[in-house]
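Dear colleague,

Please find below the structure that I am handing over to you.

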Amino acid sequence: MNLITLNNISKSYGEKTILNDINFTINSGEKIGLIGINGTGKSTLLKILCGLTDYDSGSITTSNELSISYLSQNTDFYDDSTVMEQIFKGNSKEMTILKAYEKAIHDAALNPKDEKLQGLIVDLTSKLDALNLWDMESEAKTILTKLGIKNFEEKIGNLSGGQKKRIALAAALITPSNLLILDEPTNHLDSETILWLEKYLTQKKGAVFMITHDRYFLDRIINNMFELHNGKIYTYTGNYSDFLSKKLEREEMEKSSEDKRQNLLRRELAWIRRGAKARSTKQKARIQRFDELNKKESLAVQDKIEISAQSSRLGKKVIELKNISKSFGSKKLIDDFSFIFSKSDTVGIVGPNGIGKSTLLNIITGKILPDSGTVDAGSTVKIGYFSQESKDMDENLRVIEYVREGAEFIKDESGELISASKMLEKFLFTGEMQWTPISKLSGGEKRRLYLLRILMEAPNVLILDEPTNDLDIETLTLLEDYLDGFSGSVITVSHDRYFLDKVVNKLIIFKGNGKIEYNTGNYSEYLEKAVLTEEPKPEKIKQSKPKEEKSKNNKLKFSYKEQREYDEIDGLIETAEKELAELESQINSAGSDYVVLQELLAKKKEQEEKLQNLYDRWEYLNELAERIKDHK
């Protein structure tokens, strides 16, 4: 079923055309990823889809059954609201009824003998039954828990920016819709949460249309890719890997067509210059063909960001951390941690949100002091710190003024001097844009400019705190390529698995309670090692076999406990699903008895968590069974 169709949609801001005759349709069940360089109009397109931004020309056709849920990059938050109140701030029919029911339940608890309130609860209960909304609150709490938000009564004003982003994501996920529109849903999520979101969206029945820079995320969820470039949409069937292959084919075909056009132009121009007189019909036709070829718009070659900058000389000694400890109140983040960063290191720092990763970066850069221990940096170390917030960016400055504060000139990889203006062009800031106030740039353009400013200062130690947040895929790809040839040290905090796999050769892993581990290799290699070390060792059984026969049998296999669990897990899941269905039936029959309802909802939540644990265990055991089968 067609949910929404865009017909020749165009949108401009001043003289800049953002969208130019855009046409596409979103169908039920489609999962579409939208990519493009920051500032090209991706977020504007999402807002047009949601009806939040006007367009200049064209038309939009929607299905009568279309219902949209939207995650914006900038959500309105109410500091005095609790987490659950913020979740249900939506204005849909479902949200309005749920809010009214929650309020009535709260008021009835204070005034249990108020007959008017009891009557209101009965009326709202019937509406909840009709719309099958009993599960929404429970689902909201389950999703919030998965996203790392566990105190549902916490005031929004007390939460961090990352926590607020996750609450906005939860609100979008639980809002009933058949088209879910997401603008950078993985920003501020840790790796474990991103994996959960992948699974959630893969199983979602409705359509999904999203902007994201997470390439593994695109590869595992998406079945159609849209690329926005120079106001045009290019569509590709398949995931991100398919897109890369098909885009290469398209660009090669376009280049071939453009080469042919240029060759024709050269031949026709040579003929015209020989002084051919337009006397005959044939000659007039050739002159007309030349004019048409000359007027024909050339196929746009996509602009490429170029990162070509030399770093300062770096001596043998880089940075050494000795017995670093740091706590905030009773919360211990780092406990007696020592590490030596060498010249060839590209170190990734990973772990859940709020565990101390950024604190470690701030200790390394001297922004905060450790409670104990020392940071010893080499005399030649020049740090470039790409932080999450870009707090030091003066948005009243013009783009070129900001870059020139870093340096007027920088040497490229070949040693040639390049001006700040030329470097800005390489980062896709045109001459006109260079004199634009920073405040008028998009969020992604500001991040790209901030990265350039840091590189203009020619650092030899790059410290990157969540560099993939708000950078588009093309900029990330060029950054990864630049880091691959970077002659200094790189230290990065990131949850982007693709970025970590491409860039890092060592990992610092925050485990909690101040405990930090170290691993050589990239992120996927670390995960493989972690799975192997977490598997319970097979129980030792006394055998009287010869040593060589023992070594033959030393292969991957189930432990006795795992084998028994593997045999029983399907039955356990079936029983748990029946128990959950029974609880749901009891909830539907509870009517207006809010005390019983609250008890049943609490039991339902426990049962859902139990069932989810069984699902997770089933997945692990079946994956292990497959690996055992492969090892035979």
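Ser-494 is buried, its relative accessible area being 0%; buried here means under 20% relative accessible area, exposed over 50% and partly exposed in between, with a 1.4 Å probe and protein chains only. The residue Ser-494 sits in the loop that links β18 to α16 (497-503). Helices (H or I, at least four residues) and strands (E, at least two) are DSSP runs, numbered from the N terminus. Leaving aside residues up to four places away in sequence, Ser-494 touches Ile-349, Val-350, Glu-466, Pro-467, Thr-468, Phe-499 and Leu-500, where contact means heavy atoms within 4.5 Å. The C-alpha atoms of Ser-494 and Gly-348 are 7.0 Å apart, although 146 residues separate the two along the chain.

Please note that this is a predicted model, in which local features need pLDDT of at least 70 and side-chain atom pairs count only at pLDDT 80 or more, while totals for chains, interfaces and linings use all residues. Residues are numbered from 1 along each chain as its sequence is written, and side-chain values use heavy atoms, with hydrogens and water left out.

Strand β18 (residues 489-493) is mostly covered, with 5 of its 5 residues buried. Ser-489, Ile-491 and Val-493 point one way from β18, and Val-490 and Thr-492 point the other way. In a regular strand the side chains alternate between the two faces of the sheet. Strand β12 (residues 346-350) runs parallel to β18 and is joined to β18 by 4 bridges; two strands pair if DSSP finds at least two bridges between them. Val-347 has Ile-491 as its bridge partner in β18. Strand β17 (residues 461-465) also pairs with β18 in the parallel sense, over 5 bridges, and there Asp-465 is partnered with Val-493.

Elsewhere, an open sheet of 3 strands has the order β2-β1-β4 with antiparallel pairing. Its edge strands, β2 (16-27) and β4 (57-62), each pair on one side only. Strand β1 (residues 2-13) is joined to β2 by 8 bridges, and Thr-5 has Thr-25 as its bridge partner in β2.

As regards nonpolar cores (sets of buried Ala, Val, Leu, Ile, Met, Phe, Trp, Tyr and Cys residues joined through side-chain atoms within 4.5 Å), the largest has 54 residues, and those with the most contacts inside it are Ile-87, Phe-88, Leu-144, Leu-173 and Leu-201. Helix α6 (residues 161-174) supplies the largest share of this core, 8 residues. A second, separate core of 44 residues includes Val-399, Ile-410, Leu-424 and Phe-499; Phe-499 is also among the residues that Ser-494 touches.

For the chain as a whole, there are 20 helices and 20 strands, and buried residues make up 46% of the 632 residues. Of the contacts with a separation of 6 or more, 69% are between residues 24 or more positions apart.

With kind regards
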